[in-house]
Amino acid sequence: MNEFQDRRTMQEIVLNARTVAIVGLSASELRASYFVGYYLQRHGYRVIPVNPNEERVLGEQVYPSLRDVPEQIDVV
């Protein structure tokens with residue numbers, strides 16, 4: 001696969017995804033991970049925070065690992 005095909009594949013995955021798990025999502029509004037999660041939520045994505053050091057982020061329950069997430073994840 002060439003670079004163009006890889007880019008197209010990634011774009012299709014992101015555009016069709018509805019549920020995004022963010023590993024390391026922080027509750028600190030100053031962290032880049034928080035901004036990314038906030039942005040995705042505001043644009044209609046279901047954000048699943050994964051971080052063993054948090055309980056709730058962006059109003060969502062946080063899971064300690066990807067294995068603990070009980071629902072399907074489209075993109076990590």
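**Figure 1. The salt bridge between Arg46 and Glu60.** In this predicted model, the side chains of Arg46 and Glu60 meet in a salt bridge, with a distance of 2.7 Å from N to O. The pair links distant parts of the chain, since Arg46 belongs to strand E2 (residues 46–50) and Glu60 to strand E4, 14 residues apart. Arg46 has a relative accessible area of 28% and is partly exposed, and Glu60, with a relative accessible area of 21%, is partly exposed as well. Side chains of opposite charge can pair when their charged atoms come close.

Figure 2. A search of the whole structure finds two salt bridges, and one of them is formed by the side chains of Arg46 and Glu71, at 2.8 Å from N to O. Arg46 lies in strand E2 and Glu71 in the segment after E4, so the pair ties together parts that are 25 residues apart in sequence. Glu71 is partly exposed, its relative accessible area being 31%. Through salt bridges that share partners, Arg46, Glu60 and Glu71 are joined into one network.

Figure 3. Gln41 lies in helix H2, and because its relative accessibility is 17%, below the 20% limit, Gln41 counts as buried. A polar atom of the Gln41 side chain lies 3.1 Å from the backbone oxygen of Leu58. When neighbours within four places in sequence are left aside, Gln41 is in contact with Val47, Leu58 and Glu60.

**Figure 4. The largest nonpolar core.** Ten residues make up this core, namely Val20, Ile22, Leu25, Tyr34, Leu40, Tyr45, Val47, Val57, Leu58 and Val62. Strand E1 (19–23) and helix H2 (32–42) each supply at least two residues of the core. Another core, of five residues, lies apart from it and includes Ala21, Ile48, Val50 and Val69. In soluble globular proteins, nonpolar side chains tend to be buried together. Which residues does Val57 touch, leaving aside its neighbours within four places in sequence? Val57 is in contact with Leu25, Ser26, Ala27, Tyr34, Pro49 and Val62.

**Figure 5. The loop residue Gly24.** Gly24 is found in the loop between E1 and H2, and at 36% relative accessibility Gly24 counts as partly exposed. Not counting residues up to four places away in sequence, Gly24 touches Ser33, Val50 and Asn51. The C-alpha atoms of Gly24 and Asp74 are separated by 17 Å, while these two residues stand 50 residues apart along the chain.

**Figure 6. A nonpolar patch on the surface.** Val23, Leu66 and Val76 make a nonpolar surface patch of about 270 Å². Val76 has its place in the segment after strand E4 (60–61). Is Val76 buried or exposed? With a relative accessible area of 62%, Val76 is exposed, because this value is over 50%.

**Figure 7. The protein chain as a whole, for orientation.** The secondary structure of the protein chain comes to two helices and four strands, and read along the sequence the chain follows the pattern α-β-α-β-β-β. Along its principal axes, the C-alpha trace spans about 40 × 25 × 20 Å. Of the 76 residues of the protein chain, 30% count as buried. The accessible surface comes to about 5,600 Å², and 51% of this surface belongs to carbon and sulfur atoms.

Note on methods:
Residues are numbered from 1 along each chain as its sequence is written. This is a predicted model: local features need pLDDT of at least 70, side-chain atom pairs count only at pLDDT 80 or more; totals for chains, interfaces and linings use all residues. Side-chain values use heavy atoms; hydrogens and water are left out. Patches are made of residues with over 30% relative accessible area and no salt bridge: like charges are joined within 9 Å, nonpolar side chains (Val, Leu, Ile, Met, Phe, Trp, Tyr) within 5 Å. Accessible areas come from the Shrake-Rupley method with a 1.4 Å probe; for residues, only the protein chains shown count as cover. A salt bridge is a side-chain nitrogen of Lys or Arg within 4 Å of a carboxyl oxygen of Asp or Glu. Buried means under 20% relative accessible area, exposed over 50%, partly exposed in between (1.4 Å probe, protein chains only). A nonpolar core is a set of buried Ala, Val, Leu, Ile, Met, Phe, Trp, Tyr and Cys residues joined through side-chain atoms within 4.5 Å. Contact means heavy atoms within 4.5 Å. A polar contact is a pair of N or O atoms within 3.5 Å; within protein, one must be able to donate a hydrogen and the other to accept it, and residues adjacent in sequence count only if both atoms are side-chain atoms.
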